[in-house]
Amino acid sequence: MRFDKLKKQLELLILLSDGRNYTIEELCERMELSRRNFYYLLDFIKHAGFIVFKNQGCYHIDRRSPFFTQLLQTIQFTDRDVKTIHSVLTMAGNDSEMVNQLRQKLENAYSLSVSADSPVRRQMDSNLKMLRKAMSEKKTVRLVGYSSPHSHTVKDRIVEPFLLLHDNQDVRCHELVSGANKTFKISRMTGVEMLDTPWLHEDSHRQVFTDIFMFSSEERHRVRLRLGQLSHNLFMEEYPQGAHYVTPNEDGSWLLDIEVCDYRGLGRFVLGLFKDIEVVEGDGFKAYMKDEINSLVSAPF
């Protein structure tokens, strides 16, 4: 009985500190408690020194509670450290799954997704608001002071924004100068100014596709490969999200039928296992692989 009580107390502590803000109904349902028992546990937590807040019917534990303060001092992270790390992870974008997971952990642990008041977050919110308005009115905007790591420049861009991507972290735009559709990271914009000019190139707006190798493009290339046991096992381990692209053959091999935006991701996988893989379909991919092998053979060592 004592163990069950302690288990419920710890379970409630975990739920109230995960940064998600639960209502009483949600907490009682998740913990299989009556309201009476829930309030009993809540009183115990409060008397134990935890600061519990109720906001719009939702409960959470304040991170300034003595227990958490001692824990933060132990791991030597100050509020400034946490906000700096979160800002760096935000500016890194969404291309890395590891970065996304780290940012989500910080947001859950410190309620940063709700209460972060960093200059980066405020500017991103302002940029997003203006981009939404421009898209709804089909207006051109100026991306002020956009920092591009590819061209190593910081300059204004005149674009037609038409699609938000990656949980509103990126925006797909048609750039007037280059005449191309490009993806811009909202965190890299100093500001966004909506212009009076309406969209003039809406017929050129195209959505972007991201393959499982994290390459993005408006174009897709279909490739079909016959995988042996080794290459099949490694593909499933490295790219479990691509399991629906693989079907078994009667001879014990597997068929990988996949669309990619760039041959480099798939090419890296095939080059490392070329003895266990056969290219069944994809003339463009075959030509790419021949060029890669020829350049490898002719490279000086």
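Q: Which residues does Thr183 touch, not counting residues up to four places away in sequence?
A: Contact means heavy atoms within 4.5 Å, and on that criterion Thr183 touches Tyr146, Leu165, Asp170, Val171, Arg172 and Val208. The model is a predicted one, in which local features need pLDDT of at least 70 and side-chain atom pairs count only at pLDDT 80 or more, while totals for chains, interfaces and linings use all residues. Residues are numbered from 1 along each chain as its sequence is written, and side-chain values use heavy atoms, with hydrogens and water left out.

Q: With which side chain does the side chain of Thr183 make a polar contact?
A: A polar contact is a pair of N or O atoms within 3.5 Å; within protein, one must be able to donate a hydrogen and the other to accept it, and residues adjacent in sequence count only if both atoms are side-chain atoms. Here the partner of the Thr183 side chain is the side chain of Arg172, at 2.8 Å.

Q: Where is the place of Thr183, and what is its relative accessible area?
A: Helices (H or I, at least four residues) and strands (E, at least two) are DSSP runs, numbered from the N terminus, and Thr183 is in strand β7, residues 180-185. Buried means under 20% relative accessible area, exposed over 50%, and partly exposed in between, with a 1.4 Å probe and protein chains only; because its value is 33%, Thr183 is partly exposed. Thr183 also lies 9.4 Å from Pro161, C-alpha to C-alpha, although 22 residues separate them in sequence.

Q: How many helices and strands are there in the protein chain?
A: The chain has 11 helices and 14 strands, and 39% of its 301 residues count as buried. Among contacts with a separation of 6 or more, 56% join residues 24 or more positions apart.

Q: Which are the buried residues of α10, and what covers them?
A: In α10 the buried residues are Tyr263, Gly265, Leu266, Gly267, Phe269 and Val270, and their cover includes β11 (221-227), α9 (229-238), β13 (254-260), β14 (277-281) and α11. At the start of α10, a side-chain oxygen of Asp262 comes within 2.8 Å of the backbone nitrogen of Arg264.

Q: At roughly what angle do the axes of helix α10 and helix α11 cross?
A: Axes are lines fitted to C-alpha atoms, for helices over the stretch in contact, and angles run from 0 to 180 degrees between N-to-C directions. The axes of α10 (residues 263-272) and α11 (residues 283-298) come within 11 Å and cross at roughly 60°. On the α10 side the contact is made by Tyr263, Arg264, Leu266, Gly267, Val270 and Leu271, and on the α11 side by Gly284, Phe285, Tyr288, Met289, Glu292 and Ile293.
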